[in-house]
Amino acid sequence: MLDLNELEQLIAFADTGTLSKVAEAFHISTPSVTRSMKNIEEEFGVFLFHRTKNRIELNETGKVAVECARKLLEEADHAVQRVRTYDAELKTITVKSCAPAPLWKLLMQLNSQYPEMTISSGICQNAEVLEALHHHKCELAILPFLIHDKHFVSKEYMKEKLFVCVPKNHELAGYKKLSFKDINGFNFLLRSELGFWDAICRKKMPASKFLVQTDEFTMNELVRSSSLPCFITDVVMSDRFTDTAGRVAIPVTDPEVNVTFYLVVRKDSKYQALLPKIRR
């Protein structure tokens, strides 16, 4: 049977041209490489080299053997990667979410209930979450609307409301409620990886500019020291993820920012049994 390590040596010989360089690359002796070349010839059952007293080189058959060896090694690498990927998938629950807050909550529950599993997650736009569901790229999804599709099962998970958060001396601070129409044109601090929240804000506030922050510490410092308004939700305020001392939170009245999130799973997924175990 062909030995993959010996085939690697054959390819190295084709690339370097000498047995001594192959021996150096593989940290073995030159006689060991010579034995490997003879073993390969025996397995193929044909001569692969022109041999002279002080020189060895591939013949035409040997060159074909090298190309076959390259393909065999590529296929072997692919097989190893495929098996490892499949094994990892068996031990991984992949979650795609349209927003951060429901994802944070769900990850805590999944890690608690399935400590032996790896939880892989991502925040993206609604269309990307749906695409992941349809193409079996996630086991669980979080969306801000109910899916009416016979291929999926949905469960109401949690609610979240959007607020504008401004310093107490800001001109908006005296309002009891605000709409996107009221705040369009004001520049805002904005966190990165907000999913569909980001899309809503940009769509509803075309005259505004957003100072997007990817670092949590920097964002919190700007919220504490800057005069710029930012967005916050009732979930974030209740869990105290952000220091909003010195600021007031004003509810946004537009209906699309009073959100109900749903957990979604494919009916043919083995993870459908997860839904009853996940608490609202």
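I take contact to mean heavy atoms within 4.5 Å, and I keep in mind throughout that this is a predicted model.

**Entry 1: H1 against H3**

With that cut-off I listed the residues where the two helices touch: Glu6, Leu7, Gln9 and Leu10 in H1 meet Ser32, Val33, Ser36, Met37, Asn39 and Ile40 in H3. Sorted by class, this contact of H1 with H3 holds five nonpolar, four polar and one charged residues. I then looked up the geometry, and found that H1 (residues 4-16) and H3 (residues 30-44) pack at an angle of about 105°, their axes being 9 Å apart. Since angles of 65 to 115 degrees count as roughly perpendicular, H1 and H3 are therefore roughly perpendicular to each other.

**Entry 2: H2 against H3**

Next I turned to helix H2 (residues 19-26), which packs on H3 at an angle of about 105°, with 8 Å between the axes. That angle makes H2 roughly perpendicular to H3. On the H2 side I noted Leu19, Ser20, Val22 and Ala23, and on the H3 side Thr30, Val33, Thr34 and Met37. By class, I recorded five nonpolar and three polar residues in the contact of H2 with H3, and no charged ones. Going back over both lists, I see Val33 and Met37 of H3 in the contact with H1 and again in the contact with H2.

**Entry 3: the annotated span**

I checked the record as well: an unreviewed UniProt entry carries the annotation "domain: HTH lysR-type" for residues 2-59. In the model this span is 62% helix and 10% strand, and its end C-alpha atoms lie 19 Å apart.

**Entry 4: domains**

I found 19 residues of domain 2 in contact with 13 residues of domain 3. The area buried between domain 2 and domain 3 is about 1,400 Å², and carbon and sulfur atoms give 64% of that area.

Note on methods
Residues are numbered from 1 along each chain as its sequence is written. This is a predicted model: local features need pLDDT of at least 70, side-chain atom pairs count only at pLDDT 80 or more; totals for chains, interfaces and linings use all residues. Side-chain values use heavy atoms; hydrogens and water are left out. UniProt positions are given in the numbering used here, feature names are shortened, and annotations may be inferred rather than shown by experiment. Helices (H or I, at least four residues) and strands (E, at least two) are DSSP runs, numbered from the N terminus. Axes are lines fitted to C-alpha atoms, for helices over the stretch in contact, and angles run from 0 to 180 degrees between N-to-C directions. Angles under 35 degrees count as roughly parallel, over 145 as roughly antiparallel, 65 to 115 as roughly perpendicular and the rest as oblique. Ala, Val, Leu, Ile, Met, Phe, Trp, Tyr, Cys and Pro count as nonpolar, Asp, Glu, Lys and Arg as charged, and the others, Gly among them, as polar. Buried area is the accessible area (1.4 Å probe) that two parts lose on being put together, summed over both.
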